[in-house]
Amino acid sequence: MDYPFGDGTSLALEPEYAEARATCPVVRVRLPFGGEAWLVTRHADVREVLTDPRFSSRETTRNPDGPRFTPQPLFPAGVMSMDPPEHTRIRSLVSKAFTGARVQALRPRITEIAEGLADAMLEHGPPADLVTMFALPLPVTVICELLGVPYADHGRFRELSDALLSTTALPPEEIFAAVKELNLYLAGLIEARRAAPRDDMLSGLIRARDQEDRLSEQELVEFSVGLLVTGHETAATQIANFTYMLARNPGQLAALRADPALIPNAVEELLRHTPLGAVSGIPRVATEDVELSGVTIKAGDSVVPSINSANHDEAVFDNPHDLDVTRESNPHIAFGHGVHFCLGAQLARAELQIAVHTLLTRFPALRISADDAALHWKKGLLIRGFSSLSVTW
Amino acid sequence: MNGPWHVEVTPDCIASGVCVGTAPAHFALVEGRSVPRNPSAAPDPLLLSVADACPMEAIRVRAADGTALAPTD
């Protein structure tokens, strides 16, 4: 069986996942490049893969031609290809800045940014592209202010960010060129901050490097790139995706309008229900034989833990294919699980809640301008979502 | 620092699995929450880094005499 099951130009999860969960939950699949891997589809098994140290992220880079979603060879790139204790050392340098309490303190500023963008959209008038006028600038502004990256440079780093998430959108040499340019851009900013430190995350990381020797110069650059890219791309994509999902589920939208106190719960449900990955799950490699749902994964085998599938597992969620903003039990793993659990999860939650709240309150008649057949999808990226989404009100 | 450390997971836990993945000998997920395998554990620096890594700062580590060790500010 070939994987991924679809090209990611839909937010409806491909039916092959449910079929696999029911009949063959750990299934051999052929990835686009480098051969076969085990696709893991059940919630319990996916969580197992994501927490069991016998499934390694670092090992995936030992064989550059191993099973993968991208044409270019696998190479170690930042925290996502590290295991503990190396991973813990890097992550802990900034984890304090993203805790629930710290993010709570950022909410007024995030709200202010969202309100400002809503003002500009209203002034522009309908129709407007939700992606460029709201979904992107909200998280981009937030991560720029946190990291200390000039917002005015977004024209430069936005396109490069997309290239980093490319599976087949770009040829390998263009991806490498984008990685190089983004690294150079951040290295330049780091040099500037080194000369004149400010109260921002880049300056904090430079201190950890120069005064405490807690990471190498290359790690400093790569980690900064990672924070900038993952710090906006996923939230931006989901803001537009969530808007679309609510517009296409008018009953749920009406429930939310009637009771905005449901928004935090609704965001958890949207996180569960809306597949963000076009390919779901960053591969791991087993370091010894492990049994999962009766299948023996051999040492050296590649494993793809499917977050999308886990979040639709009938064994955990009642009517998993229904979007239900009042769902009570919701142990979704949209932010991953285990050591690589999204560093920015609490920040993303705040941004998504504020985005949904702002759009609901400022645009009481918001709707998608186009029919499904006329939507503009991102293509050939690790994530699925809209390149533009025309809305009216 | 003599004597065992006290390890506690507060109700702020969101079951991210960070602690379970980093220190499986010290934590397990039980019914959607992390619980210390041994609330009175032999001192181990790993417990401090895990408490610092928790996204909700929901892991409290105290010395035998009650002094707070982690999370740090």
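Predicted model: local features only at pLDDT ≥ 70, side-chain atom pairs only at ≥ 80, totals over all residues.
User: Which residues make the contact between α7(A) and α8(A), and how do they divide by class?

Analyst: From α7(A) come A:R156, A:F157, A:L160, A:A163 and A:L164, while α8(A) gives A:E174, A:I175, A:A178, A:V179, A:E181, A:L182 and A:Y185. These residues divide into 9 nonpolar, no polar and 3 charged.

User: Why are β1(A) and β3(A) said to stand at the edges of their sheet?

Analyst: The open sheet has 5 strands in the order β1-β2-β8-β5-β3 (chain A), and its pairing is mixed. Strands β1 (26–30) and β3 (55–56) of chain A each have a single partner strand, so one side of each is left without a neighbour in the sheet.

User: How do you know that β3(A) pairs with β5(A)?

Analyst: Pairing requires at least two bridges. Between β3(A) and β5 (residues 284–286) of chain A there are 2 bridges, and these strands run antiparallel. A:F55 stands opposite A:A286 in β5(A).

User: Which strands does α2(A) touch as it packs on the sheet?

Analyst: Helix α2(A) touches β1, β2 (36–40), β3, β5 and β8 (302–305) of chain A, and its direction makes about 125 degrees with that of β8(A).

User: How many residues of chain A and chain B are in contact, and what does α2(A) give to the chain A side?

Analyst: The contact involves 20 residues of chain A and 16 residues of chain B. Elements giving two or more residues to the chain A side are α2 (43–51), α3 (86–91), α4 (100–124) and α15 (345–362). The largest share, 3 residues, comes from α2(A). By class, that side has 9 nonpolar, 9 polar and 2 charged residues.

User: What makes chain B as compact as a globular protein of its length?

Analyst: Chain B has 2 helices and 6 strands, which run β-α-β-β-β-α-β-β from the N terminus on. Its radius of gyration is 11 Å, close to the 11 Å that the globule rule gives for 73 residues, so chain B is as compact as a globular protein of that length. The C-alpha trace of chain B spans about 30 × 25 × 20 Å along its principal axes.

Key
Residues numbered from 1 in each chain as written. Chains lettered and ligands numbered in written order. Contact = placed C-beta atoms within 7 Å. Helix = DSSP H or I, 4+ residues; strand = E, 2+ residues; numbered from the N terminus. Nonpolar A, V, L, I, M, F, W, Y, C, P; charged D, E, K, R; others polar. Axes fitted to C-alpha atoms, helices over the stretch in contact; angles between N-to-C directions. Rg over C-alpha atoms; globule rule 2.2 N^0.38 Å.
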